[in-house]
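Hi,

Here is the model I promised to pass on.

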Amino acid sequence: MSRRKAREFAFKVLFQVDQVDADPHRAFRYLLQDNSLADKDRVFSWDLIMGCLAHLEQIDSKISHYARDWSLNRMSAIDRNIIRVAGYEVMFYEQSEPIVAIDEALEIAKKYGDETSAAFINAILDKMLGESR
């Protein structure tokens, strides 16, 4: 559960960066004020945030490729940022277990997205995973 919380933090920070161009450091510190994360989970979450931002262009390119009928700007910001976090894990994070990252993304989507989010996110991430193998 703590890794899921770390992923959820990463999603929330990326959402803020995406929507209001928030500073990721400030957004992360703000989340930590009201919510605790174990040190190892804090490091993991920050790795996800910074890795995703560092590889955002490549991740977005893959999302755009697989979501042919949806431009990034038309896509729900919630869905887009959940895919970005899990997409980073699938594509770049060497310590990741991609299947777990996808499952966690789906759980986050069920919590924050709409009734179609989990299926949409799963379809994109499955394609990304298939390509990375």
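Starting with helix α2 (residues 24–34), its buried residues are Pro-24, Ala-27, Phe-28 and Leu-31, where buried means under 20% relative accessible area, exposed over 50% and partly exposed in between (1.4 Å probe, protein chains only). Those four span an arc of only 100° around the axis, so they sit on the same side of α2. They pack against α1 (2–20) and α3 (39–54), with contact meaning heavy atoms within 4.5 Å. Arg-26, Tyr-30 and Gln-33 are exposed, on the face of α2 turned away from its buried side.

Before going on, the caveats: this is a predicted model, so local features need pLDDT of at least 70 and side-chain atom pairs count only at pLDDT 80 or more, while totals for chains, interfaces and linings use all residues. Residues are numbered from 1 along each chain as its sequence is written, and side-chain values use heavy atoms, leaving out hydrogens and water.

Next, the α5/α6 pair. Helix α5 (residues 77–91) packs on helix α6 (residues 98–112) at about 165°, with the axes 9 Å apart. The two are therefore roughly antiparallel (over 145 degrees; under 35 is roughly parallel, 65 to 115 roughly perpendicular and the rest oblique). From α5, Ile-78, Ile-82, Ala-86, Glu-89 and Val-90 meet α6 residues including Ala-101, Ile-102 and Tyr-112. By class, that contact has eleven nonpolar, no polar and one charged residues.

One last thing in α6: Glu-104 lies in that helix, and it counts as buried because its relative accessibility is 14%. Leaving aside residues up to four places away in sequence, Glu-104 touches Arg-4 and Arg-7.

Cheers

Definitions and conventions: Axes fitted to C-alpha atoms, helices over the stretch in contact; angles between N-to-C directions. Nonpolar A, V, L, I, M, F, W, Y, C, P; charged D, E, K, R; others polar. Arc of directions from axis to C-beta.
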